[in-house]
Structure formats: C-alpha cells, structure tokens
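Dear colleague,

I am handing over the structure below, and after it I set out what was found, beginning with a term that the later remarks rely on.

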Amino acid sequence: MLVKRRSQNDRTIINIDHQSIGGDNLTIIAGPCSIESEDQIHHIAQGVAQAGATILRGGAFKPRTSPYDFQGLGKKALQFLGNAARANNLLCISELMDIDDLDLFLDDVHIIQIGSRNMQNFSLLKQLSKIKKPVMLKRGYAATYQEFLMAAEYLLQGGNDQVILCERGIRTFEPHTRNTLDMAAIPVLQELSHLPVIVDPSHATGIRHLVTPMALAAIAAGANGIMVEVHPQPEQSISDANQAISIEDFAKLMQKARKVACAVEREIAQHEIPC
Ligand code: PEP
Ligand code: MN
C-alpha cells in the first residue's frame, strides 16, 4: 500500500510555488463555498489573505443535492479565482467533478479538490492519478478510514503522489449538525498514512457558530491545516449560507488559531513573499 506510513519520518510534503503542505506545516485555506462574481472573490481573497490564509478556496462547479440549486459559474469562475489568488499572493483550490473540465483547471488552479460525493468515483481518480497536480480528496460522508485511504491509493498507484486528505464530517444519527466531525480521523489517518490531513469544519458542522471551535480543535488535534468557508455577507451566500463565516469572524478565528497553534508547539504557515 502506497498510502501507508512506514516510519516516523515518512510524511509527504507537497511543495507548490513557495508553500509547503504537510509535515509540520499548518496550512490555512479559506474562501467562499461558490464563486459568485469577480468582485466577490477578489474581496474575499483580500480579506482572507490579510487575516493570514495562504490558499483561496472557491467552487466553480458545484455538486448540489438539488438540480434546481445554483450549479456554479463554471469556467469563468475559475479565471476569477486564479486572478484573485494571484493578486493576493495566494494559491487556490477548486472542485473538479467532470474529467472533461480538467483543462480548465490546469492553468489557474493549484490544487484540484475531489468532493465527498466523488471520493469513490474510481474512473475520475484513475484519470487524476496521471496528472502532475496536487489533489485534495475529501472523505466520503459514509466512508470508513480504510475506504478513504484506498480511494487515495488509486491516485498514488497511478503515479500522482501529491495527495492531501480532507476530513469533512460523516453522516451519523445526529440530526442537529449537518455532519459529525470525526476528530479521531486526524491522528488515525496520520498514523496510518504519510499524507497530510486537512479538516473542513464548515461542511462538518453546517452551522456558522460551530466553525471556529471545531477549527481550533482540529489544530489542537494536529491537523495539517483547515479549510473554512468565508463570505462577506454570510447570510446571503448563494450556497451553504448557514455555515459561512464573515471575513471579520475569520480574522478572529485566525487570532485564536495562532494561540492554539502556539500552545501545541505548532506554527501557522505564512505567506512567503518571493524575493
Ligand atoms: C466543498 O468543499 O465545496 C464541498 C462541496 O464539500 P463536500 O464535498 O465535502 O461536501
Ligand atoms: Mn460548501
């Protein structure tokens, strides 16, 4: 098994431009659920960069439960995302659902996200295993650790060793939260695998005021990073309005995150301005 961690020092570090993900690095990813307009993504990019995020997220192709809901702005949204990231010295990540769209991602997007619903889309994984671009694989909402790691194995087996795991909550009997954040997944996956583990407290809870406490807990538990949904007017988000936090609240989250990181002898990755 290629995903398996073989020794204490066996930890994948993914280098993209001037950033490293994995190992001792603590990476902060933030941005809207969906890219809604060019202005929106630029405004968010500036806000989250100022607060200390180093990777901008934003959905252009959205996996929506209802076919009547907003499906994303598609191709042009990826261009907006790339421009907003570049202007603020950020990397960016966006979800790919259809392999036919891959070309659109190659220029503007640094990390390809595979969503929870596609974790076991094996033909998609096989095709992404042939590319030289990092992939962040989100845990299927009913996937065991073993199933999650085997899905990642498809990427590694085909030759793509730049893989990031993302815990985003699983479906349990508890209806209060959107999902149940499986905190134990962090140390377990890090013990079983050398791949970095990012936690998404937004989809894991689905509730705005639970995002900061869960993000802090994930950092304390040793996550290699967090990914948070941020929107200038959270209640007005076209998608996932209940879980988005404002830019101001994200900045407050970051202040607390620095303290928690310090308490567990970790440090949040900063922008490295190229000389
Ligand atoms: C997302 O991050 O935009 C998303 C749709 O998440 P998930 O696949 O975890 O539901
Ligand atoms: Mn979302």
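A strand here is a DSSP run of type E with at least two residues, and strands are numbered from the N terminus. Please keep in mind that this is a predicted model.

In that sense of the word, Ser94 belongs to strand S5, which spans residues 91–95. Ser94 counts as buried because its relative accessibility is 1%, and buried means under 20%. Leaving aside residues up to four places away in sequence, Ser94 touches Gly58, Gly59, Ala60, Leu78, Leu81, Phe105, Val109, Ile111, Ile112 and Gln113.

Strand S5 is one member of a closed barrel of 8 strands, which runs S3-S4-S5-S6-S7-S8-S9-S10 with parallel pairing. From one strand to the next, the twist averages 25°. As an example of the pairing, strand S3 (residues 27–31) and strand S4 (residues 55–57) are joined in the parallel sense over 2 bridges, and Ala30 stands opposite Leu56 in S4.

Helix H5 (residues 145–157) lies across strand S7 (135–138) and strand S8 (163–167), and runs at about 160° to S8. Helix H6 (residues 185–192) lies across S8 and strand S9 (197–199), and its direction is at about 165° to S9.

Finally, a word on the cysteines. A disulfide is a covalent bond between the sulfur atoms of two cysteines, and the structure holds 0 of them. Cys92 is in no disulfide, and the nearest cysteine sulfur, that of Cys33, is 16 Å away. Why is Cys166 too far for a bond? Its sulfur is 13 Å from the closest cysteine sulfur, which is in Cys33, and the cut-off for a disulfide is a pair of sulfur atoms within 2.5 Å. Cys92 counts as buried because its relative accessibility is 0%, and Cys166 is buried as well, with a relative accessible area of 0%.

Definitions and conventions. Residues numbered from 1 in each chain as written. Chains lettered and ligands numbered in written order. Predicted model: local features only at pLDDT ≥ 70, side-chain atom pairs only at ≥ 80, totals over all residues. Heavy atoms only, no water. Pairing = 2+ DSSP bridges. Helix = DSSP H or I, 4+ residues; strand = E, 2+ residues; numbered from the N terminus. Axes fitted to C-alpha atoms, helices over the stretch in contact; angles between N-to-C directions. Contact = heavy atoms within 4.5 Å. Buried < 20%, exposed > 50% of the residue type's maximum accessible area, 1.4 Å probe, protein only.
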